[in-house]
Amino acid sequence: MATNLRPEGTDVVVDDVVLSTPGLSGSVEVHGPRTPGMRGAEETTQAFLDALDQVGAQEQLTVEITDPDELYASGGTRGGGGGTQIELRVPAPAEGFGQVVLYTAEAGSLSWHLPTEPQGGAVGGPTGVAGQRGARRLTYLLPREVVRPEPGAQGHSRGVLGALGTKLFKVVVFPLVRPGLQRAAEAVAAHWEAGHRPARLRRFDPDSFTSATVPDLTPADVTALGEGPVLLFVHGTFVTSDTAFSGLPHDVLAELHHRYDGRVIALDHHTVSVTPSENIALLATQLGEGAHLTVDVVTHSRGGLVGRALAERGSELGLGDRVTVRHLVMVAPPNAGTPLADEHYLGSLLDRLTNLAQFIPGGGVTDILAGVLTVIQHLAVGAFSGLEGIMSMNPSGQSLKEFNTGPASAAGYRVVTADYEPKPGSPFARIVRDSGTDFVFRDATNDLVVPTAGSYDVPGAAMFPVADPLVLAASEGVDHGSYFSNAQVTAALLQWLPG
């Protein structure tokens, strides 16, 4: 049964959940995981549940606010008291578990929130992931603003939570590395990637490139690649090759497959716990001593740094003269970094990627959500060490500065980037405003994740600026996750990749 909120800011208690909502009217219900009442609140997708399973996380409960309406623009009472945030207090999980809230605004934008209290404390001895009734609570400060869906926005089409028009606070619990055990915390991402993101080379055929079950290349397969030029695809953060390039039209990949006589492969690699240079050092061991390859490379996002490590530093990273890069096509590369990889804005990066994941077909939603939850386990105890793959994109970090002092390459570099602005009615129209894009990027044009100019211009770095970049105009509506379905991008690939 729904309970009315109290706009004056007085606490409302529902099933051991406490809310204070100054300036906000509406009604609230609390739902257990996968209960019949959830059908009216949201439809938790299988992709979301699969992501929870990957990292050992579970739903604890969901708080639903229906018919929300802001009574006072400044929040609080007519006399000016109260605040501009919702205060949500929920039962803490058992000792050894952490907790996070995934907030879905009325228009569908998603954001992750950690509690105000330190994670990992005891809750009085309950067993299981959910604390017992009456145990201590964790507090979350959450957006109170009512975010109306954009005119023409489509509901029930997202890949995480389905309903528009309500506020949803999904409480998730996960195994937590205890504060102080820094070395164990650093290993969380590495352990997840080792178990769920095996580093490997795979074939990338027109009829199976969106499948995750394609076998690894054998040593004999690698040797056979030496018979002519090879086309190599390299994905970006959290995803694998089958989802990163799933928007590529079948006929385009078929043409490339023909040009390269079937020698089209992809590199699946770890993107969170190791640096781009370490990705290539591992590739050197995978290729073996007998391979001598000439490759053209197509990359997306952080994969651009991996492609550059191959082209600029392959010899020193263990490849010797076994791989020669002819052409390197980088799509949305963070060559000058992205401010979202700064530890101060890392939460914004997770929010941005979670929102993008809603519109990726197939298993991409699970891939990204599992990666996001893995990083949240680090953030819960403040362990940024162990996230070297993400921190390699930090524009103020030492890793990227050193990377950009690398030698010149004999390869020809091409760059595709975009100035993204959401079209009216786009599901991202409100997401862009909610996620503080202008603040984080200091008003620099961007594709929601990577600054536009930083893709092709890195002051002081060899090979930069890259001549004649393809910069997609805002009118194209291309964001960081949708490049490969754009006709200009696919035409450029066919122009730049000779076979």
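In the predicted model, helix H10 passes helix H11 in a left-handed crossing. H10 spans residues 346–357 and H11 spans residues 364–380. Two packed helices are described by the angle between their axes and the distance between the axes. For this pair, the axes come within 9 Å and cross at roughly 165°. Angles over 145 degrees count as roughly antiparallel, and H10 and H11 are therefore roughly antiparallel to each other.

On the H10 side, the contact is made by Leu346, Leu350, Leu353, Thr354 and Ala357. H11 contributes Val365, Ile368, Leu369, Val372, Val375, Ile376 and Leu379. By class, eleven nonpolar residues and one polar residue take part in the contact of H10 with H11, and no charged residue does. An α-helix has 3.6 residues a turn, so residues three or four places apart point the same way.

The protein as a whole has 499 residues, of which 58% count as buried. Its secondary structure comprises 16 helices and 17 strands. Among the contacts with a separation of 6 or more, 79% are accounted for by residues 24 or more positions apart.

Six of the strands form an open sheet with antiparallel pairing, in the order E1-E4-E5-E10-E7-E8. Strand E1 (3–4) and strand E8 (110–113) stand at the edges; each has a single partner strand, so one side of each is left without a neighbour in the sheet. Within the sheet, strand E5 (residues 58–70) and strand E10 (residues 167–175) run antiparallel and are joined by seven bridges. In this pairing, Gln58 stands opposite Val173 in E10.

Helix H2, formed by residues 46–54, packs on the sheet. H2 touches E5, strand E7 (97–104), E8 and E10, and the direction of H2 makes about 135° with that of E5. The buried residues of H2 are Ala47, Phe48, Leu49, Ala51 and Leu52. These buried residues pack against E5, E7, E8 and E10, and also against H11. Just after H2, Gly56 takes a positive phi of about 75°.

Methods. Residues numbered from 1 in each chain as written. Predicted model: local features only at pLDDT ≥ 70, side-chain atom pairs only at ≥ 80, totals over all residues. Heavy atoms only, no water. Pairing = 2+ DSSP bridges. Helix = DSSP H or I, 4+ residues; strand = E, 2+ residues; numbered from the N terminus. Contact = heavy atoms within 4.5 Å. Axes fitted to C-alpha atoms, helices over the stretch in contact; angles between N-to-C directions. Parallel < 35°, antiparallel > 145°, perpendicular 65-115°, else oblique. Left-handed = near helix turned anticlockwise from the far one by under 90°. Nonpolar A, V, L, I, M, F, W, Y, C, P; charged D, E, K, R; others polar. Buried < 20%, exposed > 50% of the residue type's maximum accessible area, 1.4 Å probe, protein only.
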